[in-house]
Every structure is written in structure tokens, then in C-alpha cells.
Amino acid sequence: MSNDEETPLLRKRPEKIRNSRLFLAVFSAVLGNFNFGYSLVYPSPVLPVLQGPDADPRLRMDNSQAALFGSIYTLGAAGGGLGAMLLNDMIGRKMSIMLSAVPSSIGYMLMGGAFNVEMLYVGRFLTGLAGGMTAASIPVYISEISHKAVRGALGSCPQITAVVGTLTLYVLGLWVPFRWLAIAGGVPAVLMVVLLSFMPSSPRRLLSLGRGDKAEQALRWLRGPDYDPNPEISGIQHSIRMQTKLSWSQLRKPEYYKPILISVVMRFLQQMTGITPILIYLQPIFNRSNVSLLPEYDAALVGAVRLFSVMLAASLMDKAGRKALLYTSSLVMFVASLSMTITSHTTPCPGTPNSTVLNYNSHNALGNGTDFSQNNASIFPVISTMVFIFGYAMGWGPITWLLMSEVLPLVTRGVASGVCVTVSWLTAFALTHAFTLMLDYGLYVPFLLFTVVCVLCLFFTAVVIPETRGRSLEEIENYFRTGRSFTISSRSPSVREST
């Protein structure tokens, strides 16, 4: 068939697809990401209470305990990523997502009914464990049930709902006591399990298990009754036939090690940009300026910027392409980090890391004895931080998750996605603690590191990352298998064979 004859057929196919049920399935899954965003920032309104003068004596925390309460979540998330490595292939993506509700619910119950600090630690760790499980499973599930016309936009949904979960926590934290905040956190997890019970499993997962009839039913349910699933099933089956049981020797093949390395390095660089310590220690950073912003306004401002930029990225994902947004994101973060480095270079960072970073009771927690607050340029840390978060959330935030689920081959997807999440959260844990130590030498030190990392992100995007916009998962796998060109060519015979 010629290209002229083939093009009209390809144009008609999307008209037969009904996305309403697909959107429902994605919504059901990303409730786990909502819970992830909610639980990640749970210490933000809780620590001021637990460190305040009216705190329950059994739960009162000093600065070192507060630091552990905030960071132990990332260790739990790393453990959840490791668990997802096994669960994704053993019980499937959907069941892994549903199983995450167990540690999440137990963790919230422990924090809601805590009568000692240890219960808070365990509860925080368990909610982190659930967050790691969902972070490794939900992007893969969404990519495997989505068709390529909407996969980019739907791939941004985990990041968007995580930001919405964060905003919800901030808003509820203004009025709701911390114990009831924990109880409220269990509601999305329960709703997620109920809804996912009625959603189909991944068609790719079903076909890999030899359950062709179930895969066809799942595709008809997701795409609509008028959709012909046979071409898509043929493409998935062709991809599965090309896969073999992975051995250590096969990891030397480019179709396996290249996408795995790309995903792991992207998750490492994503955390090394400094987004986690910046969000955790946002208030002390703002305290270095002469702009009086109450903590709740800080949180609302950050949340609004993040939500706007993530939604902007979702709208541009399938128009501008992944690489264009990653370029823009890297450049924006570089400019913001460099600005922060320059404007804070002459600012001393008095006190110990714990006392400077985790003092929530004073607006000038980082000290009043600096001349920085007297400087007319002190507005720039606030602006730079907001610009940095904007740049991150429109590129390296959501696209890293999306690309991980797109480029990983089916045979390695369950294990490799767990490795990526584990690497991400271990990096976040190490960097968050290192940030407090670097502050001893000045705020410019960590931001100088982040500036260098942004340059590496730009270079990595240019040299290594392929453009996956508008490509099926089978085309992407074929690109790594054949290595034909840096950008996947739709005119490649092997690519057309898999569409």
C-alpha cells in the first residue's frame, strides 16, 4: 500500500476511539499519585504543631527528630520502588497500584492515632513505601493502556494529581488538626481501590500472559465499541515476540541497556536538580529575603506555580514534543539557579544545619544578623525559587516519569521502573541531608551545585534522549533495537511494520 493510500486510513482511526473510559481508568489510577503528593508534604503543617509550645509532650519533636520525620519518607519510597520491581511482573501493574493502599492506610492510621514519636516515624515510612510503589507502577500502567495520540497528555496526569494532592494538604492544614489530616489522607487510597476494581488490566500485560481474549476485551473497553483492536494487538504481539526472557548477558544489548540507563540517569538528574530539598526547605529560603510572606502563602504560591506549569507541560507535551520541553526546562532552571547562586553568594548561613533549616517557629529562622535582608536585591531569591519550580514542573518533573514508562522495553519494564524509583528516592534522601550541611558554607553552595546539574541536564537531553512524541511503544522499542537514527523515523520499514 502506498503512503497516499495509507494516510487516510490512519487519519480515520482516531475518530473511532472514544476516550471517556480511558480517562476514567487513568483517573482511578492517579488517585494513588494524589495520595503520594498529599503524604509527601504532610510534615509541612504538622511539624510546626509538634514543635510548638502547645504540642503533646509525648509527640513533641526536637530539630533532629523533625528532620528524621521529614526525610524517612524518602527511605520508605525507595523501599516501595524495590518492592514494585517484583510486584509489577508478579501480579501486574494494576494490582501493584491497588496493593499500595495497604501500607498507605496503615501508615495514616498510625499517624492519626499516634501516642509516641515512634508511631509517627513508622506511619511516615509506610506512607513513603506506598508512594514508592505507586511511583513505579502508575506511569507504566497509564502508558500501556493509552494510545499514542493522548499518551503524552495522560502521562502528565500523575504529576498533576500529585501537585493537586499537595495543594489539598496545604489548604486542609490551615484548619484541620494534624490527626484528622492523617485520617483524610486514607480516603483517596480507599477510593482508588474501589474504582480500580472495575478497570481493566494492561492489554500488554494480558497479551504477555497469553490472554488474548482478555486483552481484546480490555482494548474494546478502553477505546470504545467501534474500535478495531486487531492492528494494535498485532503491534503489541510483534513487540512481545521480539522479547525473550532477560538474562544478564542480554543486558549488554543496546535495546535493553540503553533505555534502562536513560531512565535511571534521568531520575538521578531529576533529583540532583535540587527540587526535593528546595520544596522541603522553602520557608528558610524565603526567610532570607525582605518579602514578608506567611508560610501558608508560601505554600499556596509554590503550589499554584507548580500546578500551572505542569498543566502547561501537559498541554504542550504532544505539540511541542518531549525534548523541546526538556530543553526549555533545563534552561529555565539553569537561569534561576544561577541567579540564586549569585544573589546569595555574599550571604552567610549562621548556625547549625538543624537550627537554621528546621526552625519553623520564627519568621527569621535563618538569622537576623545578615545584611542580605537590607539589600534591594533580596527579592530575587523569591523570584528565582518560583522560576526554578516553574521550569522543573514544566519539563523535568512530568516528562521524566513519562519517558521512563515509554522507553523501557516490556521485558524489563517492571524491574527497571522499580530500580528507577529506588535510585530517585535514595538520591533525594542523600541530597536532602547534604543540603543542610552545605548551608553551613552559604546558600550559594547548594545552588551552585544545582546550576551545574542543570547544564548536565541540558547536555543529556541533547545527546542521549530520543523524541518519543507521536510514537507507539512498539516504534520506540524498535528504535533502540535497530539504532537507526537518534530521532525515530516513521518512514523506517521496521517501524511501519509495528504500527
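## Close-up views of a predicted model

S137 is buried, with a relative accessible area of 0% (buried means under 20% relative accessible area, exposed over 50% and partly exposed in between, using a 1.4 Å probe and protein chains only). This is a predicted model, in which local features need pLDDT of at least 70 and side-chain atom pairs count only at pLDDT 80 or more, while totals for chains, interfaces and linings use all residues. Residues are numbered from 1 along each chain as its sequence is written, and side-chain values use heavy atoms, with hydrogens and water left out.

View 1. S137 belongs to helix α7; helices (H or I, at least four residues) and strands (E, at least two) are DSSP runs, numbered from the N terminus. Apart from neighbours within four places in sequence, S137 is in contact with A84, N88, R93, S96 and I97, where contact means heavy atoms within 4.5 Å. G92 is 45 residues away from S137 along the chain, and the C-alpha atoms of the two are separated by 8.8 Å.

**View 2. Helix α7 along its length.** Helix α7 covers residues 117-145, which is 29 residues. At 1.5 Å a residue the helix should span 42 Å, and its end C-alpha atoms are 42 Å apart, in agreement; the expected span is 1.5 Å times one less than the number of residues. A bend of about 25° occurs at T134, the bend at a residue being the angle between axes fitted to the seven residues ending there and the seven starting there. Of the 29 residues of α7, 25 are buried, so the helix is largely enclosed by the rest of the structure. At the start of α7, the backbone nitrogen of E118 has a side-chain oxygen of N116 within 3.2 Å. Polar contacts are pairs of N or O atoms within 3.5 Å; within protein, one atom must be able to donate a hydrogen and the other to accept it, and residues adjacent in sequence count only if both atoms are side-chain atoms.

**View 3. S143 in helix α7.** S143 is also found in helix α7 and counts as buried, at 1% relative accessibility. A polar atom of the S143 side chain lies 2.9 Å from the backbone oxygen of V140. Not counting residues up to four places away in sequence, S143 touches R151, S405 and L473.

**View 4. T273 in the loop between α14 and α15.** T273 sits in the loop that joins α14 (254-272) to α15 (275-280). The relative accessible area of T273 is 0%, and the residue is buried. The side chain of T273 has a polar atom 2.6 Å from the backbone oxygen of Q270. With neighbours within four places in sequence left aside, T273 is in contact with M333, F388, Y392, F450, V453 and C457.

View 5. The structure holds seven aromatic pairs. Rings of Phe, Tyr and Trp (its six-membered ring) pair if their centres lie within 6.5 Å; planes under 30 degrees apart count as stacked, over 60 as edge-to-face and the rest as tilted.

View 6. Side chains of opposite charge can pair when their charged atoms come close. A salt bridge is a side-chain nitrogen of Lys or Arg within 4 Å of a carboxyl oxygen of Asp or Glu, and by this rule the count comes to five. Among them is the bridge between D226 and R18, at 3.2 Å from N to O. D226 lies in the loop between α12 (212-223) and α13 (230-241), and R18 in the loop between α1 (3-12) and α2 (20-40), so the pair ties together parts that are 208 residues apart in sequence. R18 is partly exposed, at 48% relative accessibility.

View 7. The side chains of E216 and R220 form a salt bridge with an N to O distance of 3.3 Å. These two residues are four residues apart in helix α12 and are therefore separated by about one helical turn. E216 is partly exposed at 25% relative accessibility, and R220 is partly exposed at 33%. In the salt bridge of R223 with E232, the closest N and O atoms are 2.8 Å apart. R223 is buried with a relative accessible area of 0%, and E232 is buried with a relative accessible area of 19%.
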